[in-house]
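The sequence and structure come first.

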Amino acid sequence: MADINTCIFSGRLTKKPELLTGKSGNEYANITIANDRGFGDKKATSFIDLTIFGKSAAALCQYCDKGDQIIVTCEYTKEKYDKDGETRYSHKHIVREWTFGAKSKNGGDSSPAPSSPVEGFSGLNDEDVPF
């Protein structure tokens with residue numbers, strides 16, 4: 001039986017994403033999204049650190065800005081390492097897919113483009129929607 005390791009998060013970018021290049025020449029972006037949880041006086045915000053690679057990272061950096069909402073599907077990893085003779089753990093979420101949510105409340109000027117367009121889909125008109 002295979003393990004299922006999928007996380008889905010929705011949140012707003014805490015800052016403008018920056019495209020970086022690793023030592024091997026691969027492009028990536030480290031981003032953080034803010035996700036509100038709870039209700040009323042129990043409301044709190046979680047900050048989720050994510051890493052995204054390749055063309056998806058480039059598209060995210062080009063079309064998204066601080067405050068924009070994104071929805072991500074990612075894989076959770078836990079890495080073990082030693083620092084100063086002490087064993088430590090690093091928790092990471094590697095983005096596999098993402099899509100746009102709501103634009104920032106400031107009404108950013110970037111025009112969205114899909115991260116992975118669907119072939120043959122040209123959008124819907126009001127007449128196409130049955131309700």
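Rings of Phe, Tyr and Trp (its six-membered ring) count as a pair if their centres lie within 6.5 Å; planes under 30 degrees apart are stacked, over 60 edge-to-face, and the rest tilted. The model is predicted, so local features need pLDDT of at least 70 and side-chain atom pairs count only at pLDDT 80 or more, while totals for chains, interfaces and linings use all residues. Residues are numbered from 1 along each chain as its sequence is written, and side-chain values use heavy atoms, leaving out hydrogens and water.

**Aromatic pairs**
- Tyr-28 and Phe-53 form a tilted pair, 6.3 Å centre to centre with 40 degrees between the planes.
- Tyr-28 is partly exposed at a relative accessible area of 23% (buried is under 20%, exposed over 50%, partly exposed in between; 1.4 Å probe, protein chains only).
- Phe-53 is also partly exposed, at 43%.
- Trp-98 and Phe-100 form an edge-to-face pair, at 4.9 Å centre to centre and 75 degrees between the planes.
- Trp-98 is buried, with a relative accessible area of 4%.

**Cysteines**
- The structure holds 0 disulfides, a disulfide being a pair of cysteine sulfur atoms within 2.5 Å.
- The cysteine sulfur closest to that of Cys-7 belongs to Cys-74 and is 4.8 Å away, too far for a bond.
- Cys-7 is buried, at 18% relative accessibility.
- Cys-61 is in no disulfide, and the nearest cysteine sulfur, in Cys-64, is 8.5 Å away.
- Cys-61 is buried, at 10% relative accessible area.
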